[in-house]
Amino acid sequence: MVKFSQDLWDSFDAIAAKTETSANVAKNLIDFLTERAKIEQAYAKSLAELSKKAGGGGGLFASKNDVVDKEAKSVKTVVLSLREETLHISNTHQEFSAKILSEVVRPVEGFLKSKDLDRKKNIQEGQKRLKAQADAKAAHDRAKDAYNKAGKESDAASEAHEKAQKDLFADAENKKLQEEAVVSTQSTGIHNEQKRGTYLPYTTHPHTHSPISQANSICSTLIFKFTI
């Protein structure tokens, strides 16, 4: 069994087309019955006209004073009987034609007219809601795209931040290693000079920490050695 909530909630166009088809079928049926009523009425009228030819008013037995024999009287009885039957058939078809128009065609025409107005209103309302739904979906898609874009930009910013932190840490490490290398080089040079006996460390005296003071100290030491 077809359920609107499960099978037709997103089939507005199909439903609108189906109701249009149903309305057209009903209109075709009304056209058929209207034509049938016209035919019935025309047939009843033709039968009524035929019945008049079988009786008075210029018919086969129009004169009331005619003297007829037994056979003619029998024929007249048959003809009059046929006339009555024809009139009865004519009236039956006339009534049937009237019933078709009054009990079927007119009520259904009124029903179709009111439903056609309702259908047009519902279709217009449905189209408005479909447009609103489409606009809402488009806005949702745009928001989703913007969200995804912002997410990607945020991820890229986070990656750039992490990279900057790593680069900064690497620079600090490199600087530290460079400083350690300089200190190590200086220590190695001092050690080598100590081996060769050429390293003369600065004194902590405020007047003997400069190279000139060191030179004066060296000269004084040499002079002292050579005078002994």
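Reader: Hi! Let's start with Ser 97: is Ser 97 buried or exposed?
Author: Ser 97 counts as buried, because its relative accessibility is 2%, and buried means under 20%. Keep in mind that this is a predicted model.

Reader: Thanks! Where is Ser 97 found?
Author: Ser 97 sits in helix α3, which covers residues 70–196.

Reader: And which residues does Ser 97 touch, not counting those up to four places away in sequence?
Author: Leaving those out, Ser 97 is in contact with Ala 37, Glu 40 and Gln 41.

Reader: Great, now on to charges. How many salt bridges are there?
Author: The count comes to 7 salt bridges. One of them joins the side chains of Glu 125 and Arg 129, at 3.1 Å from N to O.

Reader: How far apart are Glu 125 and Arg 129 in helix α3?
Author: They are 4 residues apart in helix α3, so about one helical turn separates Glu 125 from Arg 129.

Reader: And how accessible is Arg 129?
Author: Arg 129 counts as exposed, at 59% relative accessibility.

Reader: Nice. What about Lys 131, which residue does its side chain meet in a salt bridge?
Author: That would be Asp 135, with 3.1 Å from N to O. Both Lys 131 and Asp 135 lie in helix α3, about one turn apart. Lys 131 is exposed at 53%, whereas Asp 135 is partly exposed at 40%.

Reader: One last thing: which residue pairs with Glu 84 in a salt bridge?
Author: Arg 83 does, with their side chains at 3.8 Å, N to O. Glu 84 is partly exposed, with a relative accessible area of 46%.

Notes
Residues numbered from 1 in each chain as written. Predicted model: local features only at pLDDT ≥ 70, side-chain atom pairs only at ≥ 80, totals over all residues. Heavy atoms only, no water. Helix = DSSP H or I, 4+ residues; strand = E, 2+ residues; numbered from the N terminus. Buried < 20%, exposed > 50% of the residue type's maximum accessible area, 1.4 Å probe, protein only. Contact = heavy atoms within 4.5 Å. Salt bridge = Lys/Arg side-chain N within 4 Å of Asp/Glu carboxyl O.
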